[in-house]
Structure formats: C-alpha cells, structure tokens
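Welcome! Have the sequence and the 3D view ready, and work through the exercises below one at a time.

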Amino acid sequence: MGLFSKFEDKMEDAFDNAAEKMFDVPISPVQIAKKAEKQMKRERMVGAGKQYAPTLYTVLVNPDDDERFFGYYPTLAGETETYLATKAADAGLITDGAPLVRFIVDNDLRRGKFEVIAEIVAAPIVEQLRKEEYERYGIPLPQAKASAAGQAPAQQKQPLWQGEPAPAAPVGKAPIDTSQARLIDMATNQTFLLLDDKPSITVGRDTTNDIIVNDINASRQHAELRLEPQGFWSITDLKSTNGTFVNGCEISACALSDGDSITIGLSNYVFRFA
C-alpha cells in the first residue's frame, strides 16, 4: 500500500465519528493534502544549488466548516504534516524544520470551499506558531516538535547589558581576542571576517549591506553586528519582518558568544572568534 493510500485510510478512520455532522461538506482531508502538496511544489525556492520546501501551510476555511472541523484539526494537521514531510523528502526538497499545517477562518469563502497558502518561514517562527496552535486546541505540545527537527531545545539568550565583559579565557590559555571575529554561512561554509577596524557590520538582502543574504525571507536591512566599546560583539535586529534569532531564540539585541548560531530568514550562520 502506498503512502497516500495509508494516509487516506487513516483520515477516513479519524473522521468516521464525524460523518453524520459533515456528510454534506464537500471538503475532504485527502483534498486538503493534495492541494497542500501542490502548493508545496509550486512555492518551493531554489537557493545555493538546493531546493527548499515551504514549512508553513495555512488552510483557509469558511466559518461554518471551521465549526464542524475544529475538533478534528489536530489529527488532520498532524497527518497532513507527516504526509508533506515525506513528499518533500521524496522530491529532494529541503525543509527548515518540521512543516506546520494550521486552519484559519476566511469569511469570504463559500461553505465547502477552502484554499491552501504555502510559505517558506524560518523554523523558530514556525515553532512559535505551532505552540500557539496547540494552545488553541488545548493540548500539550509534543516534545518532538518543541524544536526544529534534529536540534536540541533552544537556549535562552541573555539581553545585552551595558558594560557586559568580554568572555574570559579558560585557565592556562591565552586571553580570547574578541576584536576579530567571523560569521560562517552554514549552508555554503562561506566565511565573513568581522574586524575591529570596521566595528559595525550590517546584514540583509540589500546589496548595500556589508554581508548580503540571498534569501527572500531576509529583510533589506535585517540586522547589525557591532563590536562594543567593552570588547564584546553584539547583534541587533533592525526591525526585520521575520525577526533575528540567536540559538533559536528571537532577540532584539544581545551579546554574542563563540559558537552562537544566528538565523536570518532561512539562512543560518555560526559566530566564531577569529
């Protein structure tokens, strides 16, 4: 039995108890999955020689249909997410974390009609939306989906405090030179040197930035890296659309430590002292 046949059987089982309430609604779980898969392939993005699949799938439904389906959203969303992840892998598409399927009411849709919007969204944002969806359903968030696939739960970054000291060197080792650092693109391994003769480095999609991010999810002026007078490097979000994340935690500004991961749009970097 193929993947779609198994999916279809599971969805039929999940909705058997609701048949009497929903027999006159032409929306079916299989139709939703098929349309989501179609949108996944249509909205895929090519970058750095790789193809990326959308991770956020918003299903727009009529208010009456929303009332009928609401209690079955967790099952429907979970099975559709598994189906999409498998289809993306089969097609050689890369996903930035596990996909999320959510349902939102659209008052302009007629009863029995639905639309699917597929978007490429940074994994930390998807996980925050996932948390909100589970809170909406009143069920606990599974630990496996509490962070991006294959990643440990995000560490909380402390805010940037005025006068924060530079990191101390391990006992018996030479002091860490924090005046020079580097930012490494984790996808291409390209290294950007951050030098003390240019203490302010801008990062974003616009070509006027010091570090140009070839990512439609990055803002034109996304973030700024700065060598502070106290001797440590900081990163500040420049009111970007999708936010700036350090170790999976969204920040407005914070000090950077050696080995910190930075997410800008769908692009991931690691911060290192040179």
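This is a predicted model: local features need pLDDT of at least 70, side-chain atom pairs count only at pLDDT 80 or more; totals for chains, interfaces and linings use all residues.

Residues are numbered from 1 along each chain as its sequence is written, and side-chain values use heavy atoms, with hydrogens and water left out.

**Exercise 1.** Find what lines the largest cavity.

*Solution.* 
- Step 1: On a 1 Å grid over the protein atoms alone, a cavity is a set of points where a 1.4 Å probe fits but cannot get out, a pocket is an open set with protein on both sides within 12 Å along at least five of seven lines, and lining residues have an atom within 4 Å of a point.
- Step 2: The largest cavity holds about 30 Å³ of space, a volume being the space filled by probe spheres set on grid points joined across faces, edges and corners.
- Step 3: Its lining is made of Ile27, Ile32, Val61, Asp65, Phe69, Tyr73, Leu76 and Phe103. Helix H4 (63-69) and helix H5 (73-90) each give two or more of these residues; helices (H or I, at least four residues) and strands (E, at least two) are DSSP runs numbered from the N terminus.

**Exercise 2.** Describe the second largest pocket.

*Solution.* 
- Step 1: The volume of this pocket is about 560 Å³.
- Step 2: It is lined by 24 residues, and closest to its centre are Tyr52, Asp185, Ala187, Leu266 and Ser267.
- Step 3: Strand E1 (45-47), strand E2 (50-52) and strand E16 (267-273) each supply two or more lining residues.

**Exercise 3.** Which side chains meet Arg130 in a salt bridge?

*Solution.* 
- Step 1: Count a salt bridge when a side-chain nitrogen of Lys or Arg is within 4 Å of a carboxyl oxygen of Asp or Glu. This rule gives 9 salt bridges.
- Step 2: One partner is Glu81, at 3.6 Å, N to O. Arg130 lies in helix H6 (residues 123-137) and Glu81 in helix H5, so this pair ties together parts that are 49 residues apart in sequence.
- Step 3: Another partner is Glu127, at 3.1 Å, N to O. Glu127 and Arg130 are 3 residues apart in helix H6, so about one helical turn separates them.
- Step 4: Check burial (buried means under 20% relative accessible area, exposed over 50%, partly exposed in between, with a 1.4 Å probe and protein chains only). Arg130 and Glu81 are buried, and Glu127 is buried too.
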